[in-house]
Amino acid sequence: MVLSRLILGLLALAPMTGYDLKRHFESTVGHFWAADKAQIYRTLARLVTDGLAEVEKVAGSGAPDRQEHRITAAGRTALAEWLVSEPERHVERDPFLARVFFGADLDDDAFRALLAVRREATQARLERFERTRAESGAPDRAARLRLSTLDNGIAHLRVELDWLDAIEEEFA
């Protein structure tokens, strides 16, 4: 359900092709929700079938025609209802934490390597988020709200790096 509402939210910003939607997904809500191309396209097709989105063929100038998706009035209603509904609890699944949980059988070098890989990925993601934040203006309420979710992601990544420092100090 959440993925379908995220897609409706993106379509509420502007009509998009499936390709555009995947690209916008990755550069916006992708910092707090993961979905691969197949999931996005399947969900998009279901939204069209359910009447929450519609497809319009847009003639391409010197390129193939584009299948542009638009949110419908019913889609806007569904999105609005979801926005005011009680947020469902989403349980995080993190394979890295599962490895740490069972990591007692790793030797020191393997454990340090596990932490180093996570630190590198976390640091790279933090740098990407901070670059995005620095390049983004927030002229209106909608843009500021979208950026606040990025700020949340930045805060979580900084906390994770602090936690990695502590675990490395204690166990490595």
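Author: A polar contact is a pair of N or O atoms within 3.5 Å. The model discussed here is predicted.

Reader: Which residue caps the N-terminal end of α3?

Author: The backbone nitrogen of A38 has a side-chain oxygen 3.1 Å away. A pair of N or O atoms counts as a polar contact within 3.5 Å. The residue that supplies this oxygen, and caps the N-terminal end of α3, is D36.

Reader: How far apart are the end C-alpha atoms of helix α3?

Author: Helix α3 covers residues 37–49, which makes 13 residues. At 1.5 Å a residue, the helix should span 18 Å. The model agrees with that expectation, as the end C-alpha atoms of α3 are apart by 18 Å.

Reader: Within what arc do the buried residues of α3 fall, seen down its axis?

Author: The buried residues in α3 include I40, T43, L44 and L47. They line one face of the helix, because seen down the axis of α3 they fall within an arc of 105 degrees.

Reader: Which exposed residues does the face of α3 turned away from its buried side carry?

Author: The buried residues of α3 pack against α1, α2, β1 and β2. The face turned away from that buried side carries the exposed residues R42 and T49.

Reader: Which helix gives the most to the lining of the largest pocket?

Author: The largest pocket has a volume of about 1600 Å³. Of its 34 lining residues, the closest to the centre are H31, F32, W33, H90 and E92. Helices α1, α4, α5, α6 and α7 each supply at least two residues of the lining. With 8 residues, the helix that gives the most is α7.

Terms used
Residues numbered from 1 in each chain as written. Predicted model: local features only at pLDDT ≥ 70, side-chain atom pairs only at ≥ 80, totals over all residues. Heavy atoms only, no water. Helix = DSSP H or I, 4+ residues; strand = E, 2+ residues; numbered from the N terminus. Expected span 1.5 Å × (residues − 1). Buried < 20%, exposed > 50% of the residue type's maximum accessible area, 1.4 Å probe, protein only. Arc of directions from axis to C-beta. Contact = heavy atoms within 4.5 Å. Polar contact = N/O pair within 3.5 Å; in protein donor to acceptor, adjacent residues only side chain to side chain. 1 Å grid on protein atoms, 1.4 Å probe; cavity = no way out; pocket = protein on both sides within 12 Å on 5 of 7 lines; lining within 4 Å. Points joined across faces, edges and corners; volume = space filled by probe spheres on them.
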